[in-house]
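Q: I'm new to this one and would like to learn how to read it. Could you show me the sequence and the model, and then take my questions?

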Amino acid sequence: MYKKLRSLYKISVFFILILMMGIFSLKVTEAEVLNKDFIAGMPKNFPPQFFIDTESGNPTGFAVDVMDAVAKRCGISINYKVFENWKETNQAAKDGLIDIIPNMGFTSERKTFSYFTQPYETFRINFYIRTTSSSLQSVSDIGNKKVGVVVTNKACFILEKKGQYNLVKVDLSEDLIWKLIAGDVDCIAMPKPLMDYLIHKSRLTDHIIALGDPLVEIKRGIAVIKGREKLFQLLQSNMDDFILSQDFKDIYKKWYGLPEPYWTSKRIGIMSAVLLGFTIFGMAIWRYRFMTKVNKELEIAVRDRTKKIEESEKRYKQMFLDNQAIKLVIDPIDGSIVEANNAACIFYQYPKDKLLSIKISDINTLSFERIKEEMDAAISKKIRQFHFSHKLANGEIRDVEVYSGPINVGDKTLLFSIIHDTSERKKAELAIQKSEQKYRHLIQTASDAIYLISKNGRFTDVNAAACNMLSRSREEILNLDISGIDPNFSLKAFLDFWKETPLSEPRVFETKHLHKDGSLVPVEVSGQKFKVGEEVFFFGIARNITDRKKAEIEREKLQVRLQQAQKMESIGNLAGGIAHDFNNILSPIIGMSELLLEDLPKKSIEYENVEEIYKAGKRGSELVKQILAFSRQSEKEMVPTCIQNVLKEVMKLCRASIPIDIEIKQDIHPECGLVLADPTQVHQIAMNIITNAYHAIGSKSGEIKVRLSESSLTSFPQKTSLSPGRYVILSVSDNGHGISPDTISKIFDPYFTTKERGKGTGLGLSVVYGIITQHKGDIFVKSEEGKGTTFELFFPLFRQSNQTEILKTVESKPIGNERILLVDDEPPIAKLQKCILERLGYRIISRSNSIEALETFKSNPDSFDLVISDVTMPNITGDVLAEEMISIRPDIPIILCTGFSERIDEDKVAALGIKGLLMKPIASSKMAEMVRQVLDDNKKT
């Protein structure tokens, strides 16, 4: 009947809760945002957390009640899904089949697939014994005694791993309890919550007690499967209030509190009425038998009670006499020793009868008056702990720590004292103190900064080097937390770092510490967490790496410069090779067009067409010169240059490459005089300055002004080494972002750039500065942030002239009739040169193979008046071929032709005895002049 009433009560409560949840669901909660019910997974049989109610068939237990109460607070609905065991439950969580596990222990493996709320209970796994067990006083007494465990319980796994216990395994927790009561096992190992539940359920509170400290503690809370962050945040935000609430206390009391007395007032009333009627009805018949039974039971109870008292006295006497702690019982009136255990006899080195015949004043080195004062303090419980020096039988003095308090024996009050020998401990403490002083000296004199940081991120100690490095006093640093000296380490970041850092595992990282003046000091921190007693600290050593960082920056700069130099060298080699091939292409174009111009009437359409071919070839030739100048394979030639002509070419290129929404305004005075310059380099610096102006404007619309003028100057806008005189001034202005005053002084430094990584090398303006300096000029910069920049380049005037370059053809060329050996591996070039020379009257023998040419020369060296050879050829290069021919006939004049070669230059030509060097593409007039000059010079010698 009682069970039915309880079931009816539960059902009523359940429906009331459902009704209340329906009412509360009208409010807008986080659950509406989540917009779904949630599935909670649980193992079938894990009491008291989870199990199936035998009456209703529904999930129940401590964890289920907690989950339902928290869900109600959060405004969410929980549906339970039952699995056979924990293994299946965890697998369902990993597979995402459930959302929540209402109660699960915290482990690193489980944290990989779930979040844990604040723990609301802790599993302590303890040993448990019968209250009547006298053989087990501590965990160390277990030895080979039988230890009962449940096969599937965590306690079984822990003890199996230790491997030092005689385990008796059972399947059910209830069976294990009764095995302990029956004496089939000496003790059992079980989680405390489960044990409390079973004791509560089985009404065994007075029969089972815990033995010693817990084997292990496991925190347990609600596990939310990963991927459900909003659900986790919702549950976590409600856990603090719930754990402190009366609801939680009621649930806990329900499952773990004292059991409800069976004899309630109602039951007592009913039973009293029944017994009264039964007694009246059968008193006469059963009186004798009843009294006999009662007397017999009383006799048995008295006998059992007497036996238990005797056993208890024996047990407690053994606990006193055989205990390893030194124990004395003293009469405080005269200080006589009333009782002493075996450990006391061994420590004081007296036989027991002798020890009981002396007084405490014979042992304690204090006067009796002082001893009496201390005993009175112990009797009144004013002091319980004392430190004395006790004298042994052999006269040795030992330091002891005494815990003393009053006990009543009959009508007499005695002092029960437990004595601990602290002599060795004091020696150890002294050694520790000396060691601490030594290590403190080492720390304080260390050159590196040393910090000791508590788990809450505050400094507990620092050395002098730390104070010096940051220019702060010790007191200043100790009043700070970690964020006060390390901007990279907020207090939250430090707490995360603390959680992630295992005990005694070294950590090394770089950061920056805040100097008192506000500057940041780069440091390398190495350290680890370590334990001092029960407290844990982080011991960190911070080394100032300012010099090392500077060295690394310098090394990186050098590396960048090296890479840039290697890249420029590679590009130069590539450019030189391209120039060589391009020269071979241009040579027949220019040469043949020259021949055609000589053959065609000047006023004809054909002449004009060929003239355009010639001009294009010459422009290509100039382009080759620029490439060779870039690859550093040609000498810079300073010639009188009309800068306005160069600018016209530059403007064509810039207009084609700069976006149309950037307007380019030109103010180029055509009457500007000539300057002594390398046209290629002038072209290069003009392109560079205008391109920089475009980059300064960026992606927005803007304006670039290019102005060229000539002026006579007696003073200059900025400090310079230029002398007064006439100058051609190239000015380039933009309305871009401008240059800051801090930056403008560095713009001509090599490798300095303000452009994004990959958009500039930092070489442009430094090259421009180098070129203008070589031209004996100067460059000035004016800039205002947000308004724009103006570059002014000053070139000294060579002479005033309004002449413009025109295409000149040689009206008359020197001729001759000498015999010439012509060598070139490019047939078109060889054909062109042969044609030019034959027009001039020379007799030509042409060879396209250097080996054949050498054999031809060897066969009749005196038959040739001159040898003209290309430099870059397969088999035998031109310079080697010249050496061979000179060795055969020392007076033979030789001219070499090259478009590009690292093997030959004018100095080497002279050293080899070669008479001339022609650069491709070769103009017919230059070839005619050099051939005639070399032949005539050779005749003179």
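Q: Is K705 buried, partly exposed or exposed?
A: Buried means under 20% relative accessible area, exposed means over 50%, and partly exposed is in between, using a 1.4 Å probe and protein chains only. K705 has a relative accessible area of 43%, so K705 is partly exposed.

Q: What should I know about the model before we go on?
A: This is a predicted model: local features need pLDDT of at least 70, side-chain atom pairs count only at pLDDT 80 or more, and totals for chains, interfaces and linings use all residues. Residues are numbered from 1 along each chain as its sequence is written, and side-chain values use heavy atoms, with hydrogens and water left out.

Q: Which residue forms a salt bridge with K705?
A: A salt bridge is a side-chain nitrogen of Lys or Arg within 4 Å of a carboxyl oxygen of Asp or Glu. Here the partner of K705 is E703, and their closest N and O atoms are 3.8 Å apart.

Q: How many salt bridges are there by this rule?
A: The count comes to 45. One of them joins R124 and E217, at 3.0 Å from N to O. That pair links distant parts of the chain, since R124 sits in strand β7 and E217 in strand β11 (residues 208-225), 93 residues apart. Helices (H or I, at least four residues) and strands (E, at least two) are DSSP runs, numbered from the N terminus. R124 is partly exposed at 33% relative accessibility, and E217 is partly exposed too, at 48%.

Q: What about R726 and E710?
A: Their side chains meet in a salt bridge at 2.9 Å, N to O. R726 lies in strand β26 (residues 725-734) and E710 in strand β25 (residues 702-713), so the pair ties together parts that are 16 residues apart in sequence. R726 is partly exposed at 37% relative accessibility, whereas E710 counts as buried at 19%. Elsewhere, salt bridges that share partners join E510, E524, R548, K549 and E552 into one network.

Q: Which residues of helix α9 are buried?
A: In α9 (residues 246-256), look for F248, I251, W255 and Y256. Seen down the helix axis, these buried residues fall within an arc of 100 degrees (taken from the directions from the axis to the C-beta atoms), so they line one face of α9. Among the elements covering them are β2 (51-52), α3 (62-74) and α8 (229-243).

Q: How many residues does the largest nonpolar core have?
A: A nonpolar core is a set of buried Ala, Val, Leu, Ile, Met, Phe, Trp, Tyr and Cys residues joined through side-chain atoms within 4.5 Å. The largest has 76 residues, and those with the most contacts inside it include I76, I100 and F127. Helix α3 gives the most to this core, with nine residues. A second, separate core of 37 residues includes M651, I664, L730 and L797.

Q: Which residues does I100 touch?
A: Contact means heavy atoms within 4.5 Å. Not counting residues up to four places away in sequence, I100 touches several residues, including F38, M67, I222 and L235.

Q: How many disulfides does a search of the whole structure find?
A: A disulfide is a pair of cysteine sulfur atoms within 2.5 Å. The search finds zero. As for the cysteines, C74 is buried at a relative accessible area of 3%, and C345 is buried at 12%.
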